[in-house]
Amino acid sequence: MTSTFTPPGLARFNDLEEPAAAAALHEACASMTWVRRLTAARPYATADELYAASDAALAELTAADLAEAMAGHPPIGRPRPGDPASAREQRGMAGASDGLKAEMLELNLAYQEKFGHVFLICATGLTGERMRDAVKERIGNAPEREREIVRTELGKINRIRLARLVEEDA
């Protein structure tokens, strides 16, 4: 006899009314297509099942869906005021020098001018210098290559945010 134990945080998420579940997912990713797919696939037996559903939904996002997802992310070095997730994820820029912050602002603007969207990187655990180096490296990419990197980075961010969403502690 096999039984599946659903962790309490995930069980709470599974039990949310659809509008509340969608709102919680929208906090993780601004793509409404992604949100609808993950909401519709509930309940999830394990966090890994939720992450796999996230990855599958992300892989199917159109360019417009990706643009919608990226619009939910502030530029590196300028976390959204009052958004603890944004501040936590960009912690590596918090103690950066004024020179590094100014350089990141210039690089963010150049990147956005080239690609038409914010520079997206899974910033959790990265230093300001590493984020700067990444934007410098990626700004030379072809748009198609950069779109795939953005999809990968968004997947990493979504997994981190989903993990927080389904933690055991309420």
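**Confidence of the model**

What pLDDT does the protein average, and how many of the residues score at least 70? The average pLDDT, the predictor's confidence in each residue from 0 to 100, is 90, and 94% of the residues score at least 70. Because the model is predicted, local features need pLDDT of at least 70 and side-chain atom pairs count only at pLDDT 80 or more, while totals for chains, interfaces and linings use all residues. Residues are numbered from 1 along each chain as its sequence is written, and side-chain values use heavy atoms, with hydrogens and water left out.

Confidence is highest in helix 3 (residues 32-40), at a mean of 98, and lowest in helix 6, at 72. Where pLDDT is low, the predicted coordinates should not be read in detail.

**Overall fold**

The protein contains 10 helices and zero strands; helices (H or I, at least four residues) and strands (E, at least two) are DSSP runs, numbered from the N terminus. The radius of gyration is 17 Å, close to the 15 Å that the globule rule gives for 170 residues, so the protein is as compact as a globular protein of that length. This radius is taken over C-alpha atoms, and the globule rule is 2.2 Å times the number of residues to the power 0.38. The C-alpha trace spans about 60 × 35 × 30 Å along its principal axes.

Of the 170 residues, 42% count as buried; buried means under 20% relative accessible area, exposed over 50%, and partly exposed in between (1.4 Å probe, protein chains only). Among contacts (heavy atoms within 4.5 Å) between residues at least 6 apart in sequence, 67% join residues at least 24 apart.

In helix 3, the residues Thr33, Trp34, Val35, Leu38 and Thr39 are buried. The buried residues of this helix pack against helix 2, helix 4, helix 5 (63-71) and helix 10.

Pro43 is placed in the loop between helix 3 and helix 4 (47-59). A cis peptide bond, with omega about 5 degrees, joins Arg42 to Pro43. Most peptide bonds are trans.

**Largest pocket**

The volume of the largest pocket is about 410 Å³. On a 1 Å grid over the protein atoms alone, a pocket is an open set of points with protein on both sides within 12 Å along at least five of seven lines, a cavity is a set where a 1.4 Å probe fits but cannot get out, and lining residues have an atom within 4 Å of a point. Grid points are joined across faces, edges and corners, and a volume is the space filled by probe spheres set on the points.

Of the 16 residues lining the pocket, Ala24, Glu27, Ala28, Ala85 and Arg161 are the closest to its centre. Helix 2 (18-28), helix 6 (84-89) and helix 10 (143-165) each supply at least two lining residues, and helix 2 gives the largest share, four residues. The lining has seven nonpolar, three polar and six charged residues; Ala, Val, Leu, Ile, Met, Phe, Trp, Tyr, Cys and Pro count as nonpolar, Asp, Glu, Lys and Arg as charged, and the others, Gly among them, as polar.

One cavity of 30 Å³ or more is found in the whole structure. The largest cavity holds about 140 Å³ of space. Its lining comprises 15 residues, with His73, Glu89, Gln90, Ile121 and Ile157 nearest its centre. Helix 10 contributes the largest share of this lining, three residues.

Thr124 lies in the loop between helix 8 (98-115) and helix 9 (128-138). Thr124 is partly exposed, with a relative accessible area of 35%. Leaving aside neighbours within four places in sequence, Thr124 is in contact with Glu89 and Ile160.
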